[in-house]
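Please open the model in your viewer, keep a selection tool at hand, and follow the stops below in order.

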Amino acid sequence: MRKKYCVNNEWLESKTTKYMPVTDSSTGKVIAEVPCCTMDEVQAAIQAASQAFPGWSNTPVTKRSQLLFAAKQIFDEHLDELVVLCAKELGKNLDEAKGDILKAIEVTEVACGIPSLMKGQSLMNVSGGIDTVMYREPLGVFAGIAPFNFPAMIPFGWMIPLCIATGNTFVLKAASMTPLTSMRMLELLIEAGLPKGVVNLVTCSRNEAELLLTDPAVKGVCFVGSTPIGLHVYKTAAAHGKRVQCQTEAKNHALVLADAPLERVAAAVINSGFGCAGMRCMALPVVCVEESVADEFVAILVKMAKAYKVGCAYDPTTELGPLVSAEQKKSVVEWIAKGVEEGAKLVVDGRGVVVPGFEDGFFVGPTIFDHVKPGMTIGDSEIFGPVVCIKRVKNFEDGLAIMNANPFANGSAIFTQSGHYAREFAKQTDGGMVGVNVGIPVPISAFPFSGHKQSFFGDLHCMGNDGVAFFTEAKSVTSRWFDEAEKKVTKVSTWEGTMTR
């Protein structure tokens, strides 16, 4: 089934001759095709957003909030439908897909409070008879370039809710491999009362997406994806005077100290390392374990991994679904072979997994490498698959040094019963999101998604107060009103009375 793109709330046939396949990751079958929109069609989406901005930005903030309330309700009503759609096109199991949708709804709920979040500041009598008020105002058109791995949470959570709640308009380049969930959520947003042109959606190649980085009408760009492309987006958009927010790659590490409850920790590692088939930037693909308990911990982890059920994404009993595409499966399999070549010990091999009835699905089973040494690329580079690496460390200091040597710093975690080491870890880790006995330390949406180092390029993170600030700019208004004496003043000082010294 060939899909359309959306401009001004209308789903339009593309004039392109190139369509991109969307597969059911569990069967390998093509379930839809999406257009590689032309440059003119991307331009039309930008123009529609630009034309919609004056009316939308002047819409009272309470009315914008009411739209978000309506969107939250309609997303809730269609939750089950969205979950299955996400599971089919991406490969997440039903529980993981449900989490994807619910995280989008969570940010929508936060955005419903925009009248409070967007409030500025004021101070009366900053100088004699002079008052200053600071307002937060929307900027205009924002563009979002979304990855394949969270087709609900990222575009309809990290990007759109706070953007439109603050009065901006939006052009979404949906991920070509997983666009169906995003398309359906936009249909529901339109059904909830979205005005024309406030959110527009295209699917295209990097060539056409370049327009989103250079067009003068676009005031800011949100990107989630690989570090090399993120750097290109950051440099190009910033050079064209745009605000930029790039969430990029990760290689999150955990540190397991000898006093930690090993079975409970192993359960957390299984969840965070193999959940979403490892295709998330807050996965936990590397675990640094104190040598004194490493043998015991690895034995527990191996036992749990081998019991993990691999299967069709929309089978309710599945624990580990497929990867998103044949290309992604090939990449992960090649990474596993690379780990073997580098000399790491492969203790659980997920290659060659076949799910009866779904033989053409893109499955890779849980994979564990032990004795991963510094310099081995499998322990330092993002794989984006269900692969966990064990690095054996001497102590807390050794483990922390190994973790902080990594160029990425999205998140990090420590497992310990020691308050001292937990506190020291929180202070000294480079990770921007820190877990203490929490494998996936993603904060709720009232806080920012705060990756560090080469996991983020920009000044303001998505969500939380950072998100509100990113989508708005401050305007300070200083005013005075003349009394009868002031009306007769004929000479004004350099600072017009605003300096009191």
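Axes here are lines fitted to C-alpha atoms, for helices over the stretch in contact, and angles between them run from 0 to 180 degrees between N-to-C directions. Helices (H or I, at least four residues) and strands (E, at least two) are DSSP runs, numbered from the N terminus. This is a predicted model, in which local features need pLDDT of at least 70 and side-chain atom pairs count only at pLDDT 80 or more, while totals for chains, interfaces and linings use all residues. Residues are numbered from 1 along each chain as its sequence is written, and side-chain values use heavy atoms, with hydrogens and water left out.

**Stop 1: helix 2 and helix 6**

Select helix 2 (residues 61-77) together with helix 6, whose axes come within 9 Å and cross at roughly 150°. Angles under 35 degrees count as roughly parallel, over 145 as roughly antiparallel, 65 to 115 as roughly perpendicular and the rest as oblique, and helix 2 and helix 6 are therefore roughly antiparallel to each other. Now show the side chains of Val61, Arg64, Leu67, Leu68 and Phe75 in helix 2, and those of Phe156, Pro161, Ile164 and Ala165 in helix 6, since these residues make the contact; contact means heavy atoms within 4.5 Å. They divide into 8 nonpolar, no polar and 1 charged, where Ala, Val, Leu, Ile, Met, Phe, Trp, Tyr, Cys and Pro count as nonpolar, Asp, Glu, Lys and Arg as charged, and the others, Gly among them, as polar.

**Stop 2: helix 4 against helix 6**

Helix 4 passes helix 6 in a right-handed crossing; a crossing is right-handed if the near helix is turned clockwise from the far one by less than a right angle, and left-handed if anticlockwise. On the helix 4 side the contact is made by Ala104, Val107, Thr108 and Ala111, and on the helix 6 side by Phe156, Gly157, Pro161, Leu162 and Ala165. The residues of this contact of helix 4 with helix 6 comprise 7 nonpolar, 2 polar and no charged.

**Stop 3: the nonpolar cores**

A nonpolar core is a set of buried Ala, Val, Leu, Ile, Met, Phe, Trp, Tyr and Cys residues joined through side-chain atoms within 4.5 Å, and buried means under 20% relative accessible area, with exposed being over 50% and partly exposed in between (1.4 Å probe, protein chains only).

**Stop 4: Met185**

Move on to Met185, which is found in helix 7 (residues 180-191). Is Met185 buried or exposed? At 0% relative accessibility, Met185 counts as buried. Beyond its neighbours within four places in sequence, Met185 is in contact with Phe75, Leu82, Ala104, Ala152 and Phe156.

**Stop 5: helix 1 and helix 8**

Next select helix 1 (residues 39-57) and helix 8 (residues 206-214), which pack at an angle of about 30° with their axes 9 Å apart. Helix 1 is thus roughly parallel to helix 8, and helix 1 passes helix 8 in a right-handed crossing. Met39, Val42, Gln43 and Ile46 of helix 1 make the contact with Asn207, Glu208, Leu211 and Leu212 of helix 8.

**Stop 6: two loops**

Finish with Phe384, in the loop between strand 15 (367-370) and strand 16 (387-393). Phi of Phe384 is near 65°, a positive value in a residue other than glycine, and Phe384 is buried, with a relative accessible area of 15%. Then select Met463, which lies in the loop between strand 21 (456-458) and helix 15 (464-470). Its phi is near 70°, again a positive value in a residue other than glycine, and Met463 counts as buried at 3% relative accessibility.
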